[in-house]
Amino acid sequence: MTIEQAETEMIEEFALFDDWMAKYEYIIDLGKDVPMIDDKYKDENHLIKGCQSKVWLHSEMKDGKIVFTADSDAMITKGLVAMVIRVLSGHTPDEIMQSKLNFINAIGLHEHLSPTRSNGLVAMVKQMKLDATAHNLAKK
Amino acid sequence: MDTTLKSKATVKELDVESIRKEFPILSVKVHGKPLVYFDNAASSQKPLFVIKAIEKYYETVNSNVHRGVHHLSNLATDQFEAARKTIATHLNADAGEVIYTRGTTEAINLVAFSYGEVFVKEGDEIIISQMEHHSNIVPWQMLCERKKAILKVIPITESGELKMDEYKKLLSAKTRLVAVAHVSNSLGTINPVEEIIELAHARNIPVLLDGAQAVPHMKVDVKKLDVDFYCFSGHKVYGPTGIGILFGKEKWLKQMPPYQGGGEMIKEVKLDKSTYQEPPLRFEAGTPNIEGSIVLATAIDYINQLGLDRIATYEHTLLDYATEKLSAIEGLKIVGQAKNKSAIVGFNVEGLHPYDIGIILDQQGIAVRTGHHCTQPVMDLFGIPGTVRASFSFYNTTGEIDALITALKKAIEILKK
């Protein structure tokens, strides 16, 4: 599945909900299944500091593809993190670097991705792309 | 002041339903639900009385102040200086002691720079408290760094009150200034400022009070307090953003050098040396926020029409009501339980992140603030990432507090599933 296909799949899942409560309950549920970061990586180096909620992120290369693991101290943030990981994890650094992540907008969660919102998610996406760049450089 | 702009809400008891009609924004819908605005400690909403005064300024007065020979410039200058007088009278100060700033933050920075420049040297001490807003911490840290001075911090109790015994111990012959909040923005504590000032003055130490959370909610008399510096922001007191006030006793202001250089603040400019105006103009470089200054006085007129005593009494009933209703929720802990409190309630629900609660409340039209509220040292003390903060104004109602409680219960239900 390409990143865009994964995004489309996510958009379709969210289209099933017509009220905000169901949508947020689903986000929280997705957070419960986030590929959990190993405790040994839950340190300052892996902490992406948002203003309000903490996000820890780890990435490693497996067979030319990046695998992300993460955690957050806030449930909604954790759900959003899980969504981005579901879309990006298992793809090559180039694919990740070029991804547009339009699905957040399409689902109507754009307020969480606006750079002025201090919830750590924007910083996290930026970090994932930086990780992709770093893994790419290490490969070359 | 212009008498054509009169608030309709000049009745004996606060007529909250009429008052609410004067605030157009209170009738907007958020996510399809009626707005419940409980973020007043961050910024207050504006009544038509104030909004119309902004319009009126640009339609009939707008011009630059102090330098013009023409009619409009004189009119703008008259209103700008009349506003200073209104604000001074409100604080029981002299107009010459009232400086226009961008807000509380700039007012504190001004004192930290200009007072610090003359009165603070290596090894001297500045006293602040653990409950200060970052804007009453960082300017002093910067001053201390610049002058190799030392910052001393009054600790606070579990209930969110200053440890006055510790404060007494911190005061010394090296103390050059005490800078504390009149009212805490995250805990709601009303500090014993009379006692703080008295103790400092016994050693001839001046005191600055950050009044950002006090001026919108209570009568402040700088002469009665005998405070040396007092600051507040226009936008928290139902006026515009980008305008604030620094009150400073004349005896200090006269000895302080300018904070910024430019037009307005000079007496004479020669290429080798310039001389400066007397206060307050010495501290007002550049074209000021003319509209903001004039309209801030309008906002002050507005709260005086309502009556600060009545505002304080009514807001206290909201605080008591909210405290009682919130305390009844299982696992909810109020952060900041001082005996003497302003209408600010910070709280946490066991096992839940304040950010999650804030998002779910927002979906239900309830505007609260979540996070550390620019008081990280307070959150560190309590070992929490932040709080959910509901802060009330005279236009809020117990019905809105009921809506918060219902929405909060729903948030807990969703998040604890």
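Two strands pair if DSSP finds at least two bridges between them; strands (E, at least two residues) and helices (H or I, at least four) are DSSP runs numbered from the N terminus. In chain B, 4 strands form an open antiparallel sheet in the order β13-β14-β17-β16. The model is predicted: local features need pLDDT of at least 70, side-chain atom pairs count only at pLDDT 80 or more, and totals for chains, interfaces and linings use all residues. Residues are numbered from 1 along each chain as its sequence is written, and chains are lettered from A and ligands numbered from 1 in the order in which they are written.

**Sheet in chain B**
- β13 (332-335) and β16 (369-371) of chain B are the edge strands, each with a single partner, so one side of each has no neighbour in the sheet.
- β16(B) is joined to β17 (residues 387-391) of chain B by 3 bridges, and the two run antiparallel.
- B:R369 has B:R389 in β17(B) as its bridge partner.

**Chain B overall**
- Chain B holds 14 helices and 17 strands.
- The C-alpha atoms of chain B fill a box of roughly 75 × 55 × 35 Å along the principal axes.
- Of its 417 residues, 51% count as buried (20 or more other C-beta atoms within 10 Å of the residue's own, with C-beta atoms placed from the backbone).

**Contact between chains A and B**
- The contact (C-beta atoms, placed from the backbone, within 7 Å) takes 14 residues from chain A and 14 residues from chain B.
- On the side of chain A that touches chain B, α2 (20-32) and α3 (75-88) of chain A are the elements giving two or more residues.
- The largest share of that side, 5 residues, comes from α2(A).

Note on methods. Two residues are in contact if their C-beta atoms, placed from the backbone, lie within 7 Å. A residue is buried if 20 or more other C-beta atoms lie within 10 Å of its own, exposed if 12 or fewer, and partly exposed in between; C-beta atoms are placed from the backbone.
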